[in-house]
Amino acid sequence: MMKKTLDHVGTGQTGPVPSAGGNINQQFYNYLWAYVLVALSGCLGNVVDGIIVGNLISADGVSAINLSKPVNQFIYTLHLFINAGAGMLVGYALGQKNLPDARRFFSLSLSFSTALGLLLALFCGVFFIDETTRLLCNNEQIMPLARDYVQVLLLGNPAFILMWGLSTMVGVDGQPKLVSMAVIIDNVVNLCLDIVFIQWLGWGITGSSAATVVGHLIGIAILLTHWRKPENSRLGISLAILKEPIASSLKKIGSQGAPLAVASISLTLLLFSANRIVLTTLGQSGIFAFAVCMNLLQVYNLFLSGTCQTLQSLGALQVGKHDAEGLRLVLRKSFRFITVAMAATCLFVWVDPQAIAALFGANHPDYVAETEHALRIFALSFIPFCYIYVLMIVYKLYGYHRMALFISFALSLTVIPVMWLISQAVPSLLWYSYLTAYLVEAVLIFLLHRWNKVRFTLNKPS
């Protein structure tokens, strides 16, 4: 199940803006390790949660959770489209000391996103839960597990959206440490309650999903302490949303959140399509192996998230100061760190992939063999993915927003046709789909880069 990170671009959360003074080298590592710490909580939440389900329920339980991820990603897309966009507008307004606008966008985003969450819970979680489950899973053995898990996920989705939305707003309002604490405690509670609900209370996979919802509710309670002392917060509920034209305000919010939402909805389509193709082509052992590989992606994302957040925060500051040398220094450090992190992760996977499969509850020889093979290939596949993702941030910093938007689309959507073609032509090579797609995308980016005569200078406004 998906947890939260504070990724400005990949997840849409808003973190602190570094001060103009200070040494860039010191700032880089201060922010990097702070962001990595928060991302570590989310990474452990994902990976350990899968390990708990795999060992306390079954390997098919891990598969059921992975089959439900498109729903979670779609919920996250709603958050990005509304709360991430509004968070930027709130930040701009606070920077201009325009408190009425900041409070209006804050109130509008939280009320609108929560309302959408309630509608989604009602229609997909109650009235059309069987149809939703069949859309996600066509395997009769895994389907009951997927239904139990996804129903609680859908019914609790307003808590997901509110947790992420409040995290954004509290961070913008100058309390990133409170956000970090809420995210970490949220994940710790979820993991502890996994064991209580699954093993002690005997709720099965429903308990895993319920533990996530309870964790979010506790995270929300922690974030709400930001308003315990009104003098510490510049944000609050404003009835001005009833006076101002709501349509125009929502249009502004949507225009800010659209790039992030586009990337997220593309990922939703990828998760859905990839799950269907793998399950149809390779069966239960294949979908389990794919689920473990997606948990491996969380480890890569731990370092990728910290790098991208640091790059965007410090990079944007250098752009604002028009400090080309400072920006190049931040870029060099970012690429150096992500390279070392990826090499270490890849080496770790290649040493003993069989142990990783067993860690997630794989005890059948077919599951172990398929997962071992898939992990080795995916460990390599995620390397070009990470480089391309960081490059997307670079294009944004230098003002090439169309190139950045192309990468947002292509990172997810390139994989779908490649995976489908390989599944039809050479099913035995299906695990190479991601690596092939990312290499194709790298070539396309290179050609577009040359075609557009891109120059990484600060002369172009961002």
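Predicted model: local features only at pLDDT ≥ 70, side-chain atom pairs only at ≥ 80, totals over all residues.

User: How many helices and strands does the protein have?

Analyst: Helices (H or I, at least four residues) and strands (E, at least two) are DSSP runs, numbered from the N terminus. Here there are 15 helices and zero strands.

User: What radius of gyration would a compact globule of 462 residues have, and what does the protein have?

Analyst: The radius is taken over C-alpha atoms, and the globule rule is 2.2 Å times the number of residues to the power 0.38. A compact globule would have a value near 23 Å, and the protein agrees with this at 22 Å. Its C-alpha trace spans about 60 × 50 × 35 Å along the principal axes. Buried residues (under 20% relative accessible area, with a 1.4 Å probe and protein chains only) make up 56% of the 462 residues.

User: At what angle do the axes of α3 and α5 cross?

Analyst: Axes are lines fitted to C-alpha atoms, for helices over the stretch in contact, and angles run from 0 to 180 degrees between N-to-C directions. The axes of α3 (residues 99-127) and α5 cross at roughly 160° and come within 8 Å. Angles over 145 degrees count as roughly antiparallel, and α3 and α5 are therefore roughly antiparallel to each other. Contact means heavy atoms within 4.5 Å; Leu120, Ala121, Cys124, Gly125 and Val126 of α3 make it with Gln151, Leu154 and Leu155 of α5.

User: Which residues join α5 to α6?

Analyst: Leu153, Leu154 and Leu155 in α5 meet Asn157, Pro158 and Phe160 in α6. The axes of α5 (residues 143-155) and α6 (residues 157-172) come within 4 Å and cross at roughly 55°.

User: Is Gln141 buried or exposed?

Analyst: Exposed means over 50% relative accessible area. Gln141 is exposed because its value is 56%. Gln141 lies in the loop between α4 (129-136) and α5. Its C-alpha atom is separated by 8.3 Å from that of Asp60, 81 residues apart along the chain.

Definitions and conventions: Residues numbered from 1 in each chain as written. Heavy atoms only, no water. Parallel < 35°, antiparallel > 145°, perpendicular 65-115°, else oblique.
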